[in-house]
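Please walk me through this model in the viewer, one selection at a time, and tell me what is to be found at each stop.

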Amino acid sequence: MKFRDLSDLAFRNLREAVLRNSLTTLGVAVGVASLVAMLSLGVGLQQLATSRLAKSGLFDSVFVTPKTNLRRPGGGPPASRTPDAKARPLDADARAEIARLPNVIEVYPQIRFFTEVRYDGKPYATMVAGMPESSKASGAFDGMQGSFFSSPNADEAILQTEFAKELNPQTASLIGKDLVLRYAERQSIPSQPGETAQNSGGFSVVPKERHFRIIGVVETEPASGFGGFGSGRLLIPLPIAETLRAAQVNDLRDILRDSSSDKPTYSSLTVRVKSPSLVEATEAKLKELGFGAFSLLDVSKGLRTFFRVLDLLLAIFSSLALAVATLGIVNTLVMAVLERRREIGVLKALGAADRDVKQLFFVEAGVMGLFGGIVGTVFGWLIGRALTFGTNVYLHRQNLSSVDISSVPLWLVLFGIGFAILVSLAACLYPASRAARLDPVQALRYE
Amino acid sequence: MPDAQPAIQLDQVSRHYLMGESVIRAVDNVSVTVPTGEFLALLGSSGSGKSTLLNLIAGLDRPSSGSVMAHGQDLSKMSSLEVARYRRQTVGMVFQSFNLLPRMTLEENVELPLRLAEVDRSERSTRVREALQRVGLEKRIGHRPSELSGGEQQRTAIARALVNRPKILLADEPTGNLDSATGESILSLLREIQQNLGMTIVMVTHERILAERFADRLAVMGDGKLLSNGAAR
Ligand SMILES: Nc1ncnc2c1ncn2[C@@H]1O[C@H](COP(=O)(O)OP(=O)(O)O)[C@@H](O)[C@H]1O
Ligand SMILES: [Mg+2]
C-alpha cells in the first residue's frame with residue numbers, strides 16, 4: 001500500500017477509537033513531558049553554571065609563575081640559581097613570547113595595590129585593581145551603571161558599588177566626576193659600582209598623583225584570573241595600572257629581586273586562551289617554555305562529569321514515565337488487534353499482504369508517538385518555564401538577579417519527538433506482528 | 001467458449017486439521033477443474049468442507065497436500081507476498097456476512113482493493129463508480145452499509161470484489177443471509193456478470209433449486225469429499 005493510503009486508513013482507525021487513542025497519546029505526552037522537563041533542567045543548569053564559570057575567566061585561564069625562586073627567598077645572582085636550564089624569569093620578554101603563543105588572547109599581570117584616593121577634597125584609602133581588556137566580556141560588567149573603559153589607555157575609573165556609596169550614596173551622580181589617585185612610583189637608582197645584588201636600596205619610591213574620570217559603577221570586581229579577585233574597589237584599565245608601576249602589595253618579591261633592571265618582572269601572569277578546551281595544550285606549552293603553569297581545568301572536568309551523570313540520572317527517572325506510556329501503547333494496540341480481527345481478515349481477503357497490515361499498525365503507533373511527542377515536548381518546555389518562573393520569584397524576593405534554569409535547545413525538541421516516535425514503534429512491534437500473523441480464515445469464519 | 005487453460009485446477013487437494021489426537025479431513029482428496037468462464041455451484045451440507053475448499057482456491061489457506069492451480073499458476077509455489085498479489089489481482093471474494101467495513105461509505109469500501117493494489121488516485125473514482133453502476137448502487141455511493149438493505153450490502157460486496165477486474169469470483173453462500181427474492185436477484189446479478197465479463201465464478205450455496213437455475217454446473221461435497229461433479233443442465 002502507498003504511504004498516503006496507509007496514513008489515510010491509520011488516521012481513520014485512530015479516529016474510530018478517538019477517546020482510547022487520545023488517552024494513549026496523552027500517556028506518551030506525559031512521559032515525554034517529564035523527560036523533556038528533566039533534561040531541560042539538566043541542560044539549563046549546566047548552561048548556567050558553565051556560562052557563569054566561563055565568564056568568570058577561571059576556566060579559560062592559565063596561571064603562570066617562574067619556576068625557580070619559590071624556595072629561595074631573595075633570589076640570587078643568575079649563576080647561583082637552580083641548575084634547571086629551562087627555568088627563566090617571568091619578565092617583559094617572556095610576557096611578549098607567551099602573548100605570541102597560538103590561541104592566547106591576552107597575557108596580563110595581577111596588578112592591585114592599596115592606595116589613597118581623593119574625591120571631593122576628602123581622602124579615602126582603597127584597593128586599586130587593573131582590569132584587562134578581556135574582562136569586559138566577563139559578565140560582571142553586564143548590568144553596570146555607566147559603561148566600560150572607552151579604551152585600554154583612557155584615564156577612566158569604574159567604582160565598586162560599596163566604595164561608590166562611601167563617596168556618594170547616590171552612586172549615579174558620581175558618573176562623569178573626577179577623582180585623584182595618589183600612588184607611589186618606583187624609580188630605580190642607577191647601580192653604583194661595588195654594590196651587590198643583595199642590596200635592596202636600588203630604587204626609590206616617589207609619591208605621585210593622577211586624575212581619573214569616573215565612568216561606571218559595578219557590583220563586584222570580576223574574577224580576572226586567580227588570587228585576590230573581588231577585593232578591588234577602584235578599577236582602572238590594566239595598561240594604565242601597569243604604567244603607574246606602583247609598589248604592588250603582591251609584587252614585593254619582584255621589588256627585592258632584579259631591581260637593577262628597568263624591565264619589570266612578574267611574580268605571576270594570567271594567560272587567557274580562546275576557550276577552556278585549549279587550556280590543557282597551552283598549559284603544556286608554557287611548562288615547555290620553562291614556566292610554572294596551573295589551571296582549574298581538572299575542576300571543570302569534574303564539573304562536566306557531574307552534569308553528565310546528572311543528565312543520565314534525570315533521563316533514567318523520567319524514562320520510567322515513558323516506560324509506563326509504552327505499556328499503554330502496547331495495551332491499546334493489542335486491544336485494537338482483537339477488536340479489528342474481522343477488519344484485518346477482510347483486508348487480507350481483499351489482498352493485503354502481512355506487510356501491509358503490519359505497516360498500518362506501525363503508522364497508527366507512529367502517529368500517536370508523533371502527537372504525544374509534540375504535545376509532551378510543549379508540556380515539558382512549559383514545566384521548565386514554570387520552574388524557572390518560580391525560582392525567579394524566589395530569587396527576586398531575595399534581591400538576586402534572575403536566572404534561566406531550564407533550556408530546551410532544538411536538539412532536545414527533536415530528541416523528545418524522535419524518542420516518542422521510536423518508543424511507540426517499539427511498543428508496536430508485538431501487536432503489529434500479531435495482527436500480521438492473524439489467520440484470515442479464522443477471522444472471517446461466520447459466527 | 002472454453003479456454004485452453006482452465007481457470008482453476010485442483011489436483012488431489014486435502015486440507016486436514018489436527019484436533020488433539022484426531023485428524024479432521026475438512027477437504028479430502030478433491031480433484032476438480034473449472035474451465036474459464038464457467039459458473040460452478042458448490043453444494044453440500046453444513047460442515048462438508050465447502051468454505052475450506054473455497055479458501056484454498058482464494059489463497060487464504062494452503063492445502064495439506066495436493067496442488068491448486070489458477071490460470072496456470074501454482075499457488076503452493078508462491079511466496080506470501082505473491083499470494084497476496086494473487087488475491088488482489090486474480091480473485092474477488094464475496095461472503096455470506098457481506099464483510100463491509102461499517103464506518104466506511106460504499107465508495108470507500110469499494111475503493112479499498114484499489115488502495116491495496118496501489119491504483120492511481122485519478123483512476124479510482126471512475127472505477128468505483130463503474131463497479132457500483134454494475135450492481136445498480138451508484139446513487140448510494142455516499143451511504144454507509146448500515147443504511148442499506150441486506151441485498152444492497154451484498155451488491156456492494158460484489159462491486160468491491162469486481163473493482164480490481166479479477167478473472168475469478170469466489171462467493172461463499174452469498175444468499176445465505178437474504179430472503180429468497182433478494183437471493184434470486186443476487187444470483188441473476190452474478191449470472192449477468194459472468195456472461196458480460198466472461199468471468200469464472202465458484203459459488204458455495206445451500207439452495208439447490210437456485211443453483212440449478214443459474215449455475216452451469218453443480219458439484220456436491222460431503223464429508224470433505226467431492227460426491228458428484230455433473231452438469232446442471
Ligand atoms: N480451524 C479449524 N480447526 C478444526 N476444524 C476445522 C477448522 N476449520 C474448519 N474445520 C472443520 O472442517 C470442516 C469443514 O468446514 P467448512 O469448510 O467450514 O464447512 P462448510 O463451509 O461446508 O460448512 C468442519 O467439520 C469444520 O468443523
Ligand atoms: Mg461454510
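**An enclosed helix in chain B**

Begin by selecting helix α3 of chain B, residues 106-116, in this predicted model: nine of its eleven residues are buried, so the helix is largely enclosed by the rest of the structure. To see which positions these are, show the side chains of B:Leu106, B:Asn109, B:Val110, B:Glu111, B:Leu112, B:Pro113, B:Leu114, B:Arg115 and B:Leu116, the buried residues of α3(B). Their surroundings come from both chains, for these buried residues pack against α1 (3-16), α9 (341-349) and α10 of chain A, together with α2 (80-89), α4 (121-134) and α5 (150-162) of chain B. Just after α3(B), stop at B:Glu118, which takes a positive phi of about 55 degrees.

**A helix pair in chain A**

Next select helix α10 (residues 354-397) and helix α11 (residues 410-437), both of chain A, whose axes come within 7 Å and cross at roughly 150 degrees. With angles over 145 degrees counted as roughly antiparallel, α10(A) and α11(A) are therefore roughly antiparallel to each other. The contact of α10(A) with α11(A) has, by class, 16 nonpolar, seven polar and two charged residues. If you turn the view to look across the pair, note that the crossing of α10(A) and α11(A) is right-handed.

**A last stop in chain A**

Finally, centre on A:Ala96, which is found in helix α3 (residues 92-100) of chain A. Is A:Ala96 buried, partly exposed or exposed? Its relative accessibility is 33%, so A:Ala96 counts as partly exposed. From there, pick A:Val107, eleven residues apart from A:Ala96 along the chain, where the C-alpha atoms of the two are separated by 8.2 Å.

Terms used:
Residues are numbered from 1 along each chain as its sequence is written. Chains are lettered from A and ligands numbered from 1 in the order in which they are written. This is a predicted model: local features need pLDDT of at least 70, side-chain atom pairs count only at pLDDT 80 or more; totals for chains, interfaces and linings use all residues. Side-chain values use heavy atoms; hydrogens and water are left out. Axes are lines fitted to C-alpha atoms, for helices over the stretch in contact, and angles run from 0 to 180 degrees between N-to-C directions. Helices (H or I, at least four residues) and strands (E, at least two) are DSSP runs, numbered from the N terminus. Angles under 35 degrees count as roughly parallel, over 145 as roughly antiparallel, 65 to 115 as roughly perpendicular and the rest as oblique. A crossing is left-handed if the near helix is turned anticlockwise from the far one by less than a right angle, and right-handed if clockwise. Ala, Val, Leu, Ile, Met, Phe, Trp, Tyr, Cys and Pro count as nonpolar, Asp, Glu, Lys and Arg as charged, and the others, Gly among them, as polar. Buried means under 20% relative accessible area, exposed over 50%, partly exposed in between (1.4 Å probe, protein chains only). Contact means heavy atoms within 4.5 Å.
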